Amino acid sequence: MGLKTTTPVPVPVPVPVPDSEPGTGTGTGREQDRWGQNDPPLVRWGLTLAAMAVVFVLIVIPVVNVFSQALAQGLGTYWQTIVLDADTRAAIRLTLTVAPIAVVLNVLFGVSAAWAIARFRFPGRTLLVTLIDLPFSVSPVVAGLVFVLLFGLQGYFGPWLRDHGFKIIFATPGLVLATAFVTFPFVARELIPVMEAVGPEEELAAVNLGASGWQMFRRVTLPNIKWGVLYGVILCNARAMGEFGAVSVSAQ
Amino acid sequence: MSTVNRRILPGFSLSLGYAVFSLSALVLIPLAACFLKAASLTWSEFWAAVWNERARSAYALTFGASLAAAVANAALGLLVAWVLVRYSFPLKRLFDALVDVPFALPTAVAGLVYSSLYAPNGWLGQYLVPWGIEATYSRLGIVLVLTFTGFPFVVRTVQPVLEGLDADVEEAALLLGATRWQTFRRVLLPALTPSLLTGFALAFARALGEYGSVIFISGNKRGETVIAPVLIVRRLEAFGYAEAAAIAGVLLVTSFLLLACINLLERWGRRYGA
């Protein structure tokens, strides 16, 4: 960092982060950054250009292509397809119903799992941590299939559900279940390390000072973990909106 | 240690109870149903369902393509993570954000876009197809979309470890006369290996189950570009629920084993203070 402060900075404090390093967020890479700049320029720029080329071909071109195809026939057609087409409207409405329900379910699960795992020791704790990750390694198609096997007409609960007039598979509840399954670990996985890093001291103090469980959670725990929750929600929502395999099996 | 006596902090039984309830209702019971259904087949029926010619070629393709994509991800991800941590260059922030795009783009859209990009009249295909490189409706295409969907995993697991490495060790290596390349290979790479392997395993696991993007680019040619999840869907469409469950069981067991490996790797990686 010392090497870079040669340019005059208007603020007289020498400590602030130089503008060159906002990207990685954590701010611990500064020392390395200086160190990396010692590489010969050829290596440095060669590697940088290679990495840029990778991201360009793999990500930028496809994304640009999506938008260019969407807008190829002009904004009017685009607008018409989105707003005036009844099927599209129904599909968007359905996605916007299913994803939030799945997200809420996973936030409730994520917060309680993180609280139990980060704050207490109990038998089976490691197993629980492992099981939370399970949906990540299960194929979305299998995720859809298992719900068909449970609630489909040929499934274990299928006949009972039909007799009582419930419809789960090939209907919104089936979509919600499949989506919630696929995005199950996101919030919990995000929150457990955050809660462990924060530590229980503030919560202990709150309880000692007479806060009720709910007060402690709302005033102490939640403010500490809110960014973790938000990041988990974003990841969860992105995956929920984009999920195709699980949903196509349980709702075709 | 963040362990606290259960009598002091509230909510232990409530939170654990709810967590276990959700886990059972949403994940464990449904998965058990899959094994139960597969178990309704006799042994020879089960074997016929999971080990016929079509299934074998589907497994081979699924594992081969996923492995190739995960290897590509490990190499490219290490490169991108390295550049992001070590060098500063214009638009670095945007570049960093772009890495997460594959997580946000619906995989079905990714499959569609890739197949249109590499089609003979696509943006990239018009230059590649004359050279004999056909990435739509081929195995190459499958590897390509799997690389896309798994791209962020390696970058995001290696990046924090690379940031946390002490410059001292490297400095020492250089002072002792090692070249940059030697330092990288002998000092940095061993410290990065656990996180690299974790990212690799995550990308591999994700690729094994990927469906949405692959069906749009593979063309699903029988015995050639049919992946295992597609086989499950085919069985399901023919109302062969038990056969579908049997193939799903094979995939499930494989991914459980993989998950166990990931956990071991993470435990190993913690020794390096990742």
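The model is predicted, so local features need pLDDT of at least 70 and side-chain atom pairs count only at pLDDT 80 or more, whereas totals for chains, interfaces and linings use all residues. Residues are numbered from 1 along each chain as its sequence is written, chains are lettered from A and ligands numbered from 1 in the order in which they are written, and side-chain values use heavy atoms, with hydrogens and water left out. Chain A has twelve helices and zero strands. The area buried between chain B and chain A is about 8,300 Å², yet zero salt bridges are found across that interface.

**Chain A**

- The elements of chain A run α-α-α-α-α-α-α-α-α-α-α-α from the N terminus on; helices (H or I, at least four residues) and strands (E, at least two) are DSSP runs, numbered from the N terminus.
- Chain A has 252 residues, of which 42% count as buried; buried means under 20% relative accessible area, exposed means over 50%, and partly exposed lies in between (1.4 Å probe, protein chains only).
- Among contacts in chain A between residues at least 6 apart in sequence, 69% join residues at least 24 apart, a contact being heavy atoms within 4.5 Å.
- The accessible surface of chain A comes to about 12,700 Å², and carbon and sulfur atoms account for 69% of this surface. Accessible areas come from the Shrake-Rupley method with a 1.4 Å probe, and for residues only the protein chains shown count as cover.

**Interface between chain B and chain A**

- On the two sides, 98 residues of chain B are in contact with 93 residues of chain A.
- Carbon and sulfur atoms give 73% of the area buried between the two chains; buried area is the accessible area (1.4 Å probe) that two parts lose on being put together, summed over both.
- B:L26, B:Y87 and B:E163 supply 8% of the area that chain B buries against chain A, more than any other three residues.
- Helix α1 of chain B (residues 12–39) contributes 17 residues to the side of chain B that touches chain A, which is the largest share.
- Six residue pairs, both residues at pLDDT 80 or more, are in polar contact between the chains. A polar contact is a pair of N or O atoms within 3.5 Å; within protein, one must be able to donate a hydrogen and the other to accept it, and residues adjacent in sequence count only if both atoms are side-chain atoms.

**Salt bridges**

- The whole structure holds ten salt bridges over all chains, each defined as a side-chain nitrogen of Lys or Arg within 4 Å of a carboxyl oxygen of Asp or Glu.
- In chain A, the side chains of A:R189 and A:D133 form a salt bridge at 2.9 Å, N to O. This pair links distant parts of the chain, 56 residues apart: A:R189 belongs to helix α9 (residues 185–198) and A:D133 to helix α5 (residues 125–137). A:R189 is partly exposed at 30% relative accessibility, whereas A:D133 is buried at 7%.
- In chain B, the side chains of B:D96 and B:R156 meet in a salt bridge at 3.2 Å, N to O. The partners are 60 residues apart, with B:D96 in helix α4 (residues 92–98) and B:R156 in helix α8 (residues 139–164). B:D96 is buried at 10% relative accessibility, and B:R156 is partly exposed at 25%.
- B:E170 forms a salt bridge with B:R180, the closest N and O atoms being 3.5 Å apart. B:E170 lies in helix α9 (residues 167–175) and B:R180 in helix α10 (residues 180–209) of chain B, so the pair ties together parts that are ten residues apart in sequence.
- B:E170 is buried, with a relative accessible area of 1%, while B:R180 is partly exposed at 26%.
- A network of salt bridges links B:R86, B:E170 and B:R180.

**Nonpolar patch on chain A**

- A:F67, A:L71, A:L75, A:Y78, A:I82, A:I92, A:L96 and A:M241 form a nonpolar patch on the surface, with about 730 Å² of accessible area together.
- The elements giving two or more residues to this patch are α3 (74–84) and α4 (86–119) of chain A, and α3 supplies the largest share, three residues.
- Patches are made of residues with over 30% relative accessible area and no salt bridge; like charges are joined within 9 Å and nonpolar side chains (Val, Leu, Ile, Met, Phe, Trp, Tyr) within 5 Å.
- A:Y78 is found in helix α3 of chain A and is partly exposed, with a relative accessible area of 33%.
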